[in-house]
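Here is a short tour of one model. Start with the sheet, then move to the helix and the core.

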Amino acid sequence: MSTRGLFICGSICSMHDDYTAIIPAPFAALGIRVADARLTAIDFLPPDTPALPARDAASAAVCTRLQAYLQTPDTPLDLPIQLAGTAFQQRVWRAMQAIPPGRTLTYGALAQQLDSGARAVANACGANPIPLVIPCHRVVASNGLGGFMGGREQHALAIKHWLLAHERCQSDAA
């Protein structure tokens with residue numbers, strides 16, 4: 001994959017032929033990937049990325065649900081997903097899915113729930129292939145936002161801030 005063109009979850013990509021849909025969001029365009037009727041990835045693309053109509057019914061369903069969430073943050077994102085990750089990453093991702101809209105947990109609190117370390121949890125958050133559905137934005141540092149999309153770049157933190165404000169988040173644990 002080329003390293004020119006678009007930022008995707010903190011990295012760069014110039015091709016989006018593998019997206020089954022691209023939809024606009026207030027903070028970015030969302031590149032959707034669906035395989036075998038299951039959501040496999042959501043990438044944050046530059047806001048001016050052209051929309052791509054859904055290529056199939058499963059992608060259309062994902063787009064409809066994401067658009068509803070972007071309008072109403074308590075919309076459930078209970079979509080069929082297919083995750084590729086280590087056993088530990090999948091444990092962290094399942095735990096993140098239990099954090100309801102409008103709430104946050106710190107990396108340390110989530111690590112304590114999983115009998116792990118905060119840095120390992122942060123690394124699993126950064127490897128999350130399906131942000132929004134697996135709400136890694138709801139995991140924050142004890143002293144602020146923490147990172148997002150595997151780093152602390154300004155555009156990434158702006159997206160995390162938008163999502164938390166959209167959900168009007170309150171901290172559940174320090």
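This is a predicted model. Its open sheet has 3 strands in the order β3-β4-β5, and the pairing is antiparallel. β3 and β5 stand at the edges with a single partner strand each, so one side of each has no neighbour in the sheet. On average, neighbouring strands of this sheet are turned by 25 degrees against each other, direction ignored.

Look at the pairing of β3 and β4. The two strands run antiparallel and are joined by 4 bridges. Ala-21 stands opposite Ile-32 in β4.

Helix α1 lies across β3, β4 and β5. Its direction makes an angle of about 145 degrees with β4.

The elements met so far have these ranges:

| Element | Residues |
|---|---|
| β3 | 21-24 |
| β4 | 29-35 |
| β5 | 38-45 |
| α1 | 57-71 |

The largest nonpolar core has 45 residues. Phe-27, Leu-30, Ile-32, Leu-39, Leu-66, Met-96 and Leu-110 have the most contacts inside this core. Two or more residues come from each of β3, β4, β5, α1, α2 (87-97), α3 (107-113), α4 (118-126) and α5 (154-167). The largest share, 6 residues, comes from α1.

Which residues does Leu-66 touch, not counting those up to four places away in sequence? They are Ile-23, Leu-30, Ile-32, Ile-42, Leu-77 and Leu-132. Among these partners, Leu-30 and Ile-32 are also listed with the most contacts inside the core.

Note on methods. Residues are numbered from 1 along each chain as its sequence is written. This is a predicted model: local features need pLDDT of at least 70, side-chain atom pairs count only at pLDDT 80 or more; totals for chains, interfaces and linings use all residues. Side-chain values use heavy atoms; hydrogens and water are left out. Two strands pair if DSSP finds at least two bridges between them. Axes are lines fitted to C-alpha atoms, for helices over the stretch in contact, and angles run from 0 to 180 degrees between N-to-C directions. Contact means heavy atoms within 4.5 Å. A nonpolar core is a set of buried Ala, Val, Leu, Ile, Met, Phe, Trp, Tyr and Cys residues joined through side-chain atoms within 4.5 Å. Buried means under 20% relative accessible area, exposed over 50%, partly exposed in between (1.4 Å probe, protein chains only).
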